[in-house]
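Here are my notes from an afternoon with this model. I jotted down what I looked up, entry by entry.

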Amino acid sequence: MKKNILITPIILFFLILLVFFYLLIIDRNPSELPSVLINKKVPAFEAKLLLENKIFVSPGEFGNETTLVNFFATWCKPCLDEHLYLKKLSNEKGLKIIGVNYKDDSKRAIKWLKKLGNPYSNVLLDPNARLGIDWGVYGLPETFIVNSNGVIKYRLVGPITKKNYGAFVLKVKEVEK
Amino acid sequence: MQRILLAILVYLMTSQIVAINCYSVEPDEFLQNPKKELRARNISKNVRCLVCQNQSIDESSAPLAKDLRILIRKKIKQGNSDEEIYDFLTERYGDFILLNPPFKISTLFLWILPFVFLAVGIFVIFLHNNKSKKLDYNK
């Protein structure tokens, strides 16, 4: 009985060590946060457009097809790397990409899109991060997948890369099931 | 020489004091009403900066922290209560944005476990004491 009591803390210690070690070696980013907007309707907002003199009204313009909402800026280097994959995605059928130009200079953004190509069906302006806050954005780039019912199904924090592109396309297809 | 050393020492000590009281709130953010400003500061101290996750937005110089500080002040000006502002933030960023986690079913363990451990600790010490007392008598 006494021996058992002595050995329990040691076993416990190693169990805790094992848990920590496991968390250390699995592929995860500890600063990545889950979005609380998952399975909720897109937030209601109004925004000016970058390329047209019109106002975008949410949630009215969501629905009917799967929509990606991509927060980007010209000052964000990973956004530049991601751009190639957004263009690839814009060729997919039944998929619309809305860009949100987050705290950026409009002239620069227009130049950027002219130079690199424009994968977005609409580019919304978010000069003071109000839209970003409504969507719970905390770092660029972030991409949300909204299904055809206007419900947010997934959020990717960080860029779409060569490594996660395949998995991301699968996620896009999954949201309509 | 000694004077110079003393001066350096005083400088180092006072600069430390200044550093301790240094917040990232910029003068142009302040509200004119001191009562409202104080409310804004108190809320900011309870709100986590999601960019540098162990700082409050009151201390953080990250752009998002600044945006949130300005937004909180705007909401106070519009007459929102503290509760409404916290709700607004958690609806978008989750409970993680609060540096003080709320008491809920999902956080029950977080709040209760320390007391459980304390009780176990007291129990163990009590048991141990009893045992050693008995041993003493046996001698």
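I began with chain B, which has five helices and zero strands; helices (H or I, at least four residues) and strands (E, at least two) are DSSP runs, numbered from the N terminus. Read from the N terminus on, the elements of chain B go α-α-α-α-α.

A reminder to myself: this is a predicted model, in which local features need pLDDT of at least 70 and side-chain atom pairs count only at pLDDT 80 or more, while totals for chains, interfaces and linings use all residues. Residues are numbered from 1 along each chain as its sequence is written, and chains are lettered from A and ligands numbered from 1 in the order in which they are written.

**Chain B, continued.** I looked up burial next. A residue is buried if 20 or more other C-beta atoms lie within 10 Å of its own, exposed if 12 or fewer, and partly exposed in between, with C-beta atoms placed from the backbone. By that rule, buried residues make up 15% of the 139 residues in chain B. I also checked contacts (C-beta atoms, placed from the backbone, within 7 Å). Of the contacts in chain B between residues at least 6 apart in sequence, 48% join residues at least 24 apart.

**Ile57(B).** I found Ile57(B) in the loop between helix 2 (34–46) and helix 3 of chain B. Is Ile57(B) buried or exposed? It counts as buried, because it has 30 C-beta neighbours inside 10 Å. Leaving out residues up to four places away in sequence, Ile57(B) touches Ser44(B), Val47(B), Cys49(B), Ala65(B), Leu68(B) and Arg69(B). I also noted that its C-alpha atom is separated by 15 Å from that of Glu37(B), 20 residues apart along the chain.

**The sheet of chain A.** Here I traced five strands in an open sheet, ordered 5-4-3-6-7, with mixed pairing; strands pair if DSSP finds at least two bridges between them. Strand 5 (122–126) and strand 7 (152–157) of chain A each have a single partner strand, so one side of each is left without a neighbour in the sheet. The twist averages 20° from one strand to the next.

Strand 3 (residues 66–72) and strand 6 (residues 142–146) of chain A pair in the antiparallel sense over five bridges, and Leu68(A) stands opposite Ile145(A) in strand 6. Helix 2 (residues 77–90) of chain A packs on the sheet, touching strand 3 and strand 4 (95–102), and its direction makes about 155° with that of strand 4. For such angles, axes are lines fitted to C-alpha atoms, for helices over the stretch in contact, and the values run from 0 to 180 degrees between N-to-C directions.

**Two hairpins in chain A.** Strands 6 and 7 run antiparallel, joined by five bridges, with Thr143(A) opposite Leu156(A). Five residues lie between these two strands in the hairpin, and Gly150(A) in the turn has a positive phi of about 75°. The other hairpin joins strand 1 to strand 2 through six residues.

**Core.** Of its 51 residues, Leu68(A), Ile98(A), Val100(A), Phe144(A) and Val146(A) touch the most other members. Helix 3 (residues 63–77) of chain B gives the largest share, five residues.

Technical notes. A nonpolar core is a set of buried Ala, Val, Leu, Ile, Met, Phe, Trp, Tyr and Cys residues joined through C-beta atoms within 7 Å. Two residues are in contact if their C-beta atoms, placed from the backbone, lie within 7 Å.
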